[in-house]
Structure formats: C-alpha cells, structure tokens
Amino acid sequence: MSAKLKVVLTVKLPDSVETRMRELFNTTLWYTLSQMPRDQLFAAARTADVLVTSINDRLDAEFFSECGEQLKMIANFGVGYDHIDVVTGTEKGIIITNTPGVLTEDTAEMTMGLIMAVSRRFVEGAEIVQRGEFSAWSPTFLLGRRIFGKRLGIVGMGRIGQALARRARAFGMSVHYHNRKPVSARISDDLQATYWDDLDQMLSRMDVVSINAPGGPGTHHLLNAERLAKLQPHAILVNTARGQIVDEQALAAMLREKRIAGVGLDVYEREPAINPELIGLPNAVLLPHMASSTVEARTDMGDRVILNVKTFQDGHRPPDRVIPAML
Ligand code: 8YV
C-alpha cells in the first residue's frame with residue numbers, strides 16, 4: 001500500500017468530502033469560510049504534497065516561486081483554472097487537476113434561471129411584494145419580454161454552453177453560438193444550432209446572449225466596449241462564466257444609458273468586489289457567484305478531487321489533469 005500523501009485544503013469543503021479525505025490521505029482541513037491568507041497559502045505550499053485549492057487562491061508565478069520542492073500536485077476544486085499559472089506550475093513538474101463535467105447541469109440551470117429572471121423581471125417583482133407595495137394588478141405593470149421564440153447566442157459552446165442550449169430549446173428559443181470551431185454535426189443537428197464564426201455578427205442579431213467560455217488571457221475583455229455596442233437595445237446579456245470576459249465598466253454605462261435591456265451576472269471582473277456602478281440598476285440581476293452552488297455539484301466536485309488525488313497517490317496519472325496545451 002502506498003504511503004498517505006500530505007494533503008492541505010485551502011478551502012472549506014462539504015463535511016462528507018472532508019471526512020473521506022481524512023480517511024484516505026494525511027489531510028489538513030481549512031475550517032473557516034474565509035479565504036486562506038496568502039502567507040498561509042505559501043506556508044502550506046512549503047509543506048504539502050498536494051494542495052486542494054479554489055478560485056479564491058491566486059496561484060501565479062510568485063506562488064510557484066514560493067512553493068517547496070515537495071509540492072507535487074494542485075487539485076483544484078472547480079472546473080475553471082484561470083487563477084492558476086498552469087504553464088509555470090507544469091514547468092516545475094507540478095500536476096494540476098480540475099473538476100470538469102460535474103457542475104455542468106447546475107451552471108446551465110442557473111444560466112437559464114438568469115435568462116428568465118432578467119427577461120421576466122423576477123427580482124423587481126419579488127421586491128415589490130416584500131416591500132408590501134403590491135396594491136393592484138394592472139395590464140401594464142412590470143412588463144417583461146417573452147423568451148419563447150427568441151434567439152439565444154451562446155459565446156463558448158463547451159459542456160456548459162451545450163447544456164444551456166438543450167434547456168433553451170425546451171423553452172422554445174433558437175440556438176446560435178460562437179466558438180473557436182463548430183461543434184460536431186451530431187450535436188449541432190440535435191440542438192438545431194447555428195454557428196457564427198464572426199462574434200460581432202452574432203451579437204448584433206441576438207435577443208439574448210450568454211457567456212459560457214473559459215476565462216484567461218484568451219478571452220479577457222472578449223466583450224469590450226466596441227463589441228458590447230453591437231448588442232441590440234432590447235437584448236439581454238447573461239454571464240455565469242468569468243467576469244473578466246466582459247468590460248464591466250462599459251457594460252454598466254450601457255445599462256445606465258439603456259443601450260441594452262438588462263443583464264444577469266453571477267461573476268465579476270474583480271470578484272468578490274462588485275463594480276459600484278452596477279449596484280442599484282433595476283435592469284441588473286446580480287448573484288454572488290453561485291451558479292454551481294448545489295449540494296449535488298459540491299459533493300460531486302469533492303468526489304472528483306478525491307478521485308484525482310487518490311489516483312495520484314496510487315501512482316497513476318490523475319484523470320482530470322490540466323496541461324498547458326489546453327490553454
Ligand atoms: C466554482 C466555478 O464554484 O468551477 C468553477 O470554475 O466558477 C465555480 O462554479 C468555483 O470555481 C470553485 O473553485
């Protein structure tokens with residue numbers, strides 16, 4: 001039997017996941033909901049064989065210069081890895097893994113929920129009731145926009161984009177998408193999806209746009225001020241991917257000036273800080289990065305972390321290895 005690896009968690013995980021990790025590995029838990037301070041992160045990286053990290057940890061070149069020779073693996077609790085300098089880590093011989101596939105449906109559900117919440121003004125309606133201001137029904141009160149029959153443009157047609165497309169079809173929307181390359185004929189036929197190689201062209205024709213692309217330098221400000229200006233005034237934009245993909249300042253100005261009908265955001269450029277210009281706008285539904293926050297997803301993400309670390313501990317190649325060629 002192989003020796004137990006010293007595994008340090010930088011994040012509080014569900015109890016069931018932590019308990020299993022304690023059974024399988026020499027595991028040090030992080031008990032609070034707050035982020036592990038950077039000096040403690042560096043200290044952990046000098047003693048652990050494996051670090052279990054999250055989006056809260058910035059694993060940049062400085063981090064990799066601080067970590068000790070004993071650090072062999074970073075098992076990220078999450079699918080996105082734009083907070084990790086994968087190139088530098090890999091050059092140092094550190095194996096980096098993520099948790100793909102297990103939060104796809106949850107994120108797609110929340111994206112569909114945001115499309116509906118913004119189009120049908122859920123939050124404004126709920127707040128009126130909570131404030132005791134629902135005094136009489138009226139035919140012209142809180143009019144939203146029907147989503148049935150509308151065009152949805154998906155930016156990034158990976159697992160989550162496709163899961164959203166399936167839901168959108170069920171709601172009677174037509175599916176359009178922009179991606180580095182078209183999806184297979186089987187998938188596009190199934191979804192009756194229209195491919196746009198030119199993002200600007202797609203943006204200017206959609207009623208709803210959803211961002212489902214990975215973060216990182218390749219997509220930073222993909223929707224800059226110029227691109228956002230292509231959106232139609234009645235369009236809504238939803239982002240459950242990464243905040244840095246959208247120029248938030250330009251987006252706030254467009255919302256204020258009513259050059260776009262509404263937004264649903266779950267992610268932000270400087271998370272957890274929210275651009276103050278977005279706060280208080282009636283046409284912005286703002287969530288605290290919770291698209292994958294379900295009991296099921298969190299448990300499955302934990303199981304995926306365990307599978308990766310256990311496979312590595314047993315001397316094999318972990319299944320969810322992230323390599324620079326994927327960037
Ligand atoms: C996670 C996410 O909650 O997995 C991701 O990439 O964005 C989130 O849904 C978070 O990243 C956990 O680290």
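At 26% relative accessibility, Arg 121 counts as partly exposed, a class that lies between buried (under 20% relative accessible area) and exposed (over 50%), computed with a 1.4 Å probe on protein chains only. The model is a predicted one, in which local features need pLDDT of at least 70 and side-chain atom pairs count only at pLDDT 80 or more, while totals for chains, interfaces and linings use all residues. Residues are numbered from 1 along each chain as its sequence is written, and side-chain values use heavy atoms, with hydrogens and water left out.

**Backbone features in loops**

Arg 121 sits in the loop between helix H5 (104–119) and helix H6 (122–130), where helices (H or I, at least four residues) and strands (E, at least two) are DSSP runs numbered from the N terminus. His 289, located in the loop between E12 and H12, is likewise not a glycine and has a positive phi. The two residues are set out below.

| Residue | Phi | Relative accessible area |
|---|---|---|
| Arg 121 | near 60° | 26% |
| His 289 | about 40° | 25% |

Most residues other than glycine have a negative phi, and most peptide bonds are trans. A cis peptide bond, with omega of about 5°, joins Glu 271 and Pro 272; Pro 272 belongs to the loop between strand E11 (262–265) and strand E12 (284–286).

**Packing of H1 and H12**

Helix H1 (residues 15–24) packs with helix H12 (residues 295–313) at an angle of about 10°, their axes being 9 Å apart; the axes are lines fitted to C-alpha atoms, for helices over the stretch in contact, and angles run from 0 to 180 degrees between N-to-C directions. That angle makes H1 roughly parallel to H12, a term that covers angles under 35 degrees. From H1, Ser 16, Val 17, Arg 20, Met 21 and Leu 24 are in contact (heavy atoms within 4.5 Å) with residues of H12, namely Arg 298, Thr 299, Gly 302, Val 305, Ile 306, Lys 310 and Gln 313. The residues of this contact divide into 5 nonpolar, 4 polar and 3 charged, where Ala, Val, Leu, Ile, Met, Phe, Trp, Tyr, Cys and Pro count as nonpolar, Asp, Glu, Lys and Arg as charged, and the others, Gly among them, as polar.

**Domains**

The chain is divided into domain 1 (6–102 + 295–313) and domain 2 (104–286), with bounds that come from an automatic or database domain assignment. Their C-alpha centres lie 31 Å apart, and 7 residues of domain 1 are in contact with 7 residues of domain 2.

Methods. Parallel < 35°, antiparallel > 145°, perpendicular 65-115°, else oblique.
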